[in-house]
Amino acid sequence: MSSSPSPANSANAGNGGQDLNLLHFLDKVRLAATGDAEEDEGEDSPTELNTINSAGGFLVVSPDKLSVKYTNMNLHGHDVGVVQANRPAPVKCLTYYFEIFVKDSGVKGQVAIGFTKESFKMRRQPGWEVNSCGYHGDDGFLYRGQGKGEPFGPKYTKDDTVGGGINYATQEFFFTKNGAIVGKIPKDIKGHLFPTVAVHSQNEEVLVNFGKKKFAFDITGYEVSERNKQQMAIEKISIPPNIGYGLVKTYLLHYGYEETLDAFNLATKTTVPPINIDQGNAIDEDDSSYALKQRKTLRQLVRNGEIDAAMVKLREWYPQTVQDDKSVVCFLLHCQHFIELVRVGKLEEGVKYGRLELAKFVGLTGFQDIIEDCFALLVYEKPEESPVGYFLEDSHKELVADAVNAAILSTNPNKRDVQKSCHLHSHLEKLLRQLTVCCLERRSLNGDQGETFRLHRILNNNSSRR
């Protein structure tokens, strides 16, 4: 293991440990480097029937593995022709859905559609065994893990299209017939489930659609409706307008957006009642107003790429934030200065600056990977189109400005006895982080099934609806 000092230790030596929390911004740089990696990894959906794990002696699967026909005489209950999909239903989504078309209902019309576990006995109808569920065509009953069914919906037969789906948000199974929902039931089976179809009397034949063809049921409209229900439930929650006003105001104060704050105050002056909150829950605007004009100036300098000027102002106004030349703030500012030189094509000057300033951080734990990515900008003819092009985006400047802003807030003498991490996030961001944790916990309780909560995706969806 390397004996090089870590940035955290370096920060502790120079400025009272503030960088222990500013390391958060290095993680944000790394997150930007991953691009869309925060999105859910893709899942392979079912595409065809599984001809290996099936009741092969009682059915014939077509060469395209999308239709199945019962060929025997159905002598007893264990002569079921049952077959699962080649893959389980994906779980990182709002819903999963598939359909069957009854080409021939055969002698008895004992067709079934449902979901089963991988270990399901392939000689039984879905729903006749534990950990399975099935909607049966001959009686319209729903079976859930026992031989006795329950009234559920209409029977279905030749030329009917029947669908089976999972709503992960509500943790329910739902079934359809000819494009309309028949009904829904609680999903009480845990783990991965396989779409399953069964035929059980001579000449029964069904075609299976895993989504390659248009469904009879409007699954897209169903998902939109489900999301609208969730949104309506949220909008029914009554929140006093002055609470939202206070959160937005302290957000603008926290990040030094003074001009936007003035415009916001002017716009809401006659429409928002005074904030009247219990003192114990009050939003502290005084602390958020600390060094507002200086933070606004420094943010603008960083946004404009005037990093030398920003460093001069920091040394003049808040020398404690940069007295350790190996601190996180110094590192991010030096990196940004190097990036600005690359941006305008001053590569030779950039190399010299890198050797002079960034070289100080080489070998220090926590900095190395970011330094290497920074230097990689020199390799590409068009660095803005390269894998490290995110350094040249405006969002990276904002990140550096946020780090400087947090460093200044940490010098607030009124906050010395408060946990240092308080200057990293505004009240609004803390609430959103808590919301994220709660949603992830709820998903965990559902067996990690359903859409992964992504705040930016929800915000984008809501803005696109306006």
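Colleague: Which residue follows H7, and what is its phi like?
Modeller: H7 is followed by Gly-305, and the phi of this glycine is positive, near 80°. Helices here are DSSP runs of H or I with at least four residues, strands are DSSP runs of E with at least two, and both are numbered from the N terminus. Please keep in mind that this is a predicted model, in which local features need pLDDT of at least 70 and side-chain atom pairs count only at pLDDT 80 or more, while totals for chains, interfaces and linings use all residues. Residues are numbered from 1 along each chain as its sequence is written, and side-chain values use heavy atoms, with hydrogens and water left out.

Colleague: OK, and how many residues does H7 have?
Modeller: Helix H7 covers residues 292-303 and has 12 residues. From its first C-alpha to its last it reaches 16 Å, close to the 16 Å expected at 1.5 Å a residue, where the expected span is 1.5 Å times one less than the number of residues.

Colleague: Which residues of H7 are buried?
Modeller: They are Leu-292, Arg-295, Leu-298, Arg-299, Leu-301 and Val-302. Buried means under 20% relative accessible area, exposed means over 50%, and partly exposed lies in between, with a 1.4 Å probe and protein chains only.

Colleague: What about Ala-291, where is that?
Modeller: Ala-291 sits in the loop between helix H6 (285-288) and H7. This alanine has a positive phi of about 55° although it is not a glycine, and at 12% relative accessibility Ala-291 counts as buried.

Colleague: And Gln-171, what is its phi?
Modeller: Gln-171 is not a glycine, yet its phi is positive, at about 55°. It is found in the loop between S10 and strand S11 (172-177), and Gln-171 counts as buried because its relative accessibility is 11%.

Colleague: Since S10 came up, is Thr-161 buried or exposed?
Modeller: Thr-161, which belongs to strand S10 (residues 161-167), is buried, with a relative accessible area of 15%.

Colleague: So which residues does Thr-161 touch?
Modeller: Leaving aside residues up to four places away in sequence, Thr-161 touches Glu-99, Ile-100, Phe-101, Thr-176, Lys-177, Asn-178 and Ala-216. A contact means heavy atoms within 4.5 Å.

Colleague: Switching to helix packing: at what angle do H9 and H10 pack?
Modeller: Helix H9 (residues 328-343) and helix H10 (residues 347-356) pack at an angle of about 165°, with their axes 8 Å apart. The axes are lines fitted to C-alpha atoms, for helices over the stretch in contact, and angles run from 0 to 180 degrees between N-to-C directions. H9 and H10 are therefore roughly antiparallel to each other, given that angles under 35 degrees count as roughly parallel, over 145 as roughly antiparallel, 65 to 115 as roughly perpendicular and the rest as oblique.

Colleague: Which residues meet there, in H9 and in H10?
Modeller: From H9, His-334, His-337, Phe-338, Leu-341 and Val-342 take part, and they meet Leu-347, Glu-349, Gly-350, Val-351, Tyr-353 and Gly-354 in H10.

Colleague: How do H9 and H12 cross?
Modeller: The axes of H9 and helix H12 (residues 394-409) come within 10 Å and cross at roughly 155°, so H9 and H12 are roughly antiparallel to each other. Residues of H9 including Leu-332, Leu-333 and Ile-339 meet residues of H12, among them Val-400, Ala-403 and Val-404.

Colleague: And H8 with H9, how far apart are the axes?
Modeller: For helix H8 (residues 307-317) and H9 the axes are 9 Å apart, and the packing angle is about 155°; these two helices are therefore roughly antiparallel as well. In H8, Ile-307, Asp-308, Met-311 and Leu-314 make the contacts, meeting Val-329, Leu-333, His-334, Gln-336, His-337 and Glu-340 in H9.
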